[in-house]
Amino acid sequence: MILDAQHPLSSGLTADSRLIQAYQGTRPAVTPVWFMRQAGRSLPEYRELRVGTRMLDVCLDPELASEISLQPVRRHQVDAGIFFSDIVVPLKLVGVDVSIVAGKGPVLGKAVRTRADVDELTALDPTLLDTALAPISAAVALAVSQLGSTPLIGFAGAPFTLAAYLVEGGPSKDHIHARTLMHAEPEAWAKLMAWTADVTGRFLRAQVLAGASAAQLFDSWAGALSLADYAASVAPASAAAIAHVRDLTYTVRGAGDEPTDRNVPIVHFGVGTGELLKEMHNIGADVVGVDYRVPLDEANRRLGGAVPLQGNVDPALLAAPWSVLEAHVRDVLERGRTAPSHVLNLGHGVPPDTDPDVLTRLVSLVHDVSAAD
Ligand code: CP3
């Protein structure tokens, strides 16, 4: 499906931005940079807005969700906004009893442990989301209208990461109940994954249709899986989630050139997924997000030298002396030069106690160093 003419990719507003160029595999003159979890607790202006409001209520308030998405763009001059929301928002909207507990994360009213639990959960109809997602679409449209030529990235949780919360009932270190269900009840597992893919895919598609210029699928907890389990029991559902946005295209008309159709770029990211990088690309992603454990030149080698990369500054170094962080960022940029293109990011999210001035300084360092190369 072709995005409508007002979409910032179709209108040309964001199509030539550094971020979209790099996601499309062309290296821009200056390396683009944004940070996972840039919108949120590291910013005093976020903490001020959040006083007295629950996380999921903020996500469903278009004015607040839009404003929080814009805060880091204004402050740090990053090359993209990420939409402020959470991976469990579509679960909530389809009728799952889920809340976000401060300092802990998503917590379910009832863990989904058995075949009967899966049947009960999957009786909730994902098509309900087409109307329930209205506040999300409104928030994206509002943010995009104020971002101008800076692209907004939409996101969703991958089916495994969402299933890990659903089955465990909350955060977990090893996701052991999820991995047990995968093998003990393979049919129930497949049903759970297919349902989750539908729910999260609709959430992602709504964001792109409302104006997001790229989409990122977060499989934060996929690193708990063996390559064999990932390939057999998880990757098909991630591909199904991505299929909800994979058909979306826009037309680029360069000066004098024939118009060309491009896909909305899709990024796939996981933590501790060094062994899974190739499979994570193969599900239909354009760009692979790399955590801080695998250097970018090695990630590029594992991906055959043909895939744009995003990453992978170690978040722990944000609190180290500037000279240590600077040397690390220069090294990341250098290794990123081996890939077809590179978007600088962290290897996971911004830690809540990060000094925001360090992030602002890091953005100018990335822009200055890459421009001088
Ligand atoms: O700036 C951004 O990146 C956009 C906003 C965003 C949030 N969650 C806001 C949020 C994004 C992209 C997410 C994705 C998300 N949520 C993931 C995938 C990315 C990752 O970090 O691995 C996961 C696993 C979740 C689930 C979740 N929600 C966790 C682990 C937490 C943190 C719990 C805590 O308090 O330590 C949440 C809550 C959450 N999501 C917060 C924010 C800003 C904190 C809420 C608060 O301010 O109290």
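Where does UniProt place the feature "domain: Uroporphyrinogen decarboxylase (URO-D)"? I looked this up before anything else. The unreviewed UniProt entry puts it at residues 32-41 and 153-169. I kept in mind that I was working on a predicted model.

**Entry 1: the two annotated spans.** I checked what the chain does in each span. Residues 32-41 are 0% helix and 0% strand, and I read 23 Å between the end C-alpha atoms. For residues 153-169 I found 59% helix and 29% strand, with the end C-alpha atoms 28 Å apart.

**Entry 2: the binding site in the record.** I then took the feature "binding site" from the unreviewed UniProt entry. The record lists R37, Q38, A39, G40, R41, D86, Y165, S220 and H348. These positions are spread over 312 residues of sequence, and in space they are spread as well, up to 22.7 Å between C-alpha atoms. I located two of the listed residues in the chain. R37 sits in the loop between α1 (18-23) and α2 (44-50), and D86 sits in the loop between β1 and α5 (89-94). I also noted the backbone at R37, where phi is positive, near 65°, although the residue is not glycine.

**Entry 3: the ligand.** I looked at what surrounds the ligand and found 23 residues, the closest being A39, G40, G105, F218 and S220. Of these, A39, G40 and S220 are also named in the UniProt binding site. I sorted the shell by class and got 11 nonpolar, 7 polar and 5 charged residues.

**Entry 4: the open sheet.** In what order do the 7 strands of the open sheet lie? I traced the order as β1-β4-β5-β8-β9-β10-β11, with parallel pairing. At the edges I found β1 (81-82) and β11 (342-346), each of which pairs on one side only. Strand β5 (residues 214-219) pairs with strand β8 (residues 266-270) over 5 bridges in the parallel sense. In that pair, L217 has H268 of β8 as its bridge partner. I saw helix α11 (residues 186-209) lying across β4 (152-157) and β5, and the helix runs at about 170° to β4.

**Entry 5: a cis peptide.** I checked strand β10 (residues 309-313), which holds N312. The peptide bond joining G311 and N312 is cis, with omega about -20°.

**Entry 6: a hairpin.** I turned to strand β2 (residues 98-101) and strand β3 (residues 105-108). They run antiparallel and are joined by 4 bridges. V98 stands opposite L108 of β3. The hairpin has 3 residues between its strands, and G103 there takes a positive phi near 80°.

**Entry 7: two helices.** How do the axes of α9 and α10 cross? Helix α9 (residues 159-168) and helix α10 (residues 176-184) have axes that come within 8 Å and cross at roughly 100°. An angle of 65 to 115 degrees counts as roughly perpendicular, so I wrote α9 down as roughly perpendicular to α10. On the α9 side the contact is made by A163, A164, V167 and E168, and on the α10 side by H177, A178 and L181. By class I recorded 5 nonpolar, 1 polar and 1 charged residues in this contact.

Definitions and conventions
Residues are numbered from 1 along each chain as its sequence is written. This is a predicted model: local features need pLDDT of at least 70, side-chain atom pairs count only at pLDDT 80 or more; totals for chains, interfaces and linings use all residues. A residue is near a molecule or strand if its C-beta atom, placed from the backbone, lies within 6 Å of it. Ala, Val, Leu, Ile, Met, Phe, Trp, Tyr, Cys and Pro count as nonpolar, Asp, Glu, Lys and Arg as charged, and the others, Gly among them, as polar. UniProt positions are given in the numbering used here, feature names are shortened, and annotations may be inferred rather than shown by experiment. Two strands pair if DSSP finds at least two bridges between them. Axes are lines fitted to C-alpha atoms, for helices over the stretch in contact, and angles run from 0 to 180 degrees between N-to-C directions. Angles under 35 degrees count as roughly parallel, over 145 as roughly antiparallel, 65 to 115 as roughly perpendicular and the rest as oblique. Two residues are in contact if their C-beta atoms, placed from the backbone, lie within 7 Å.
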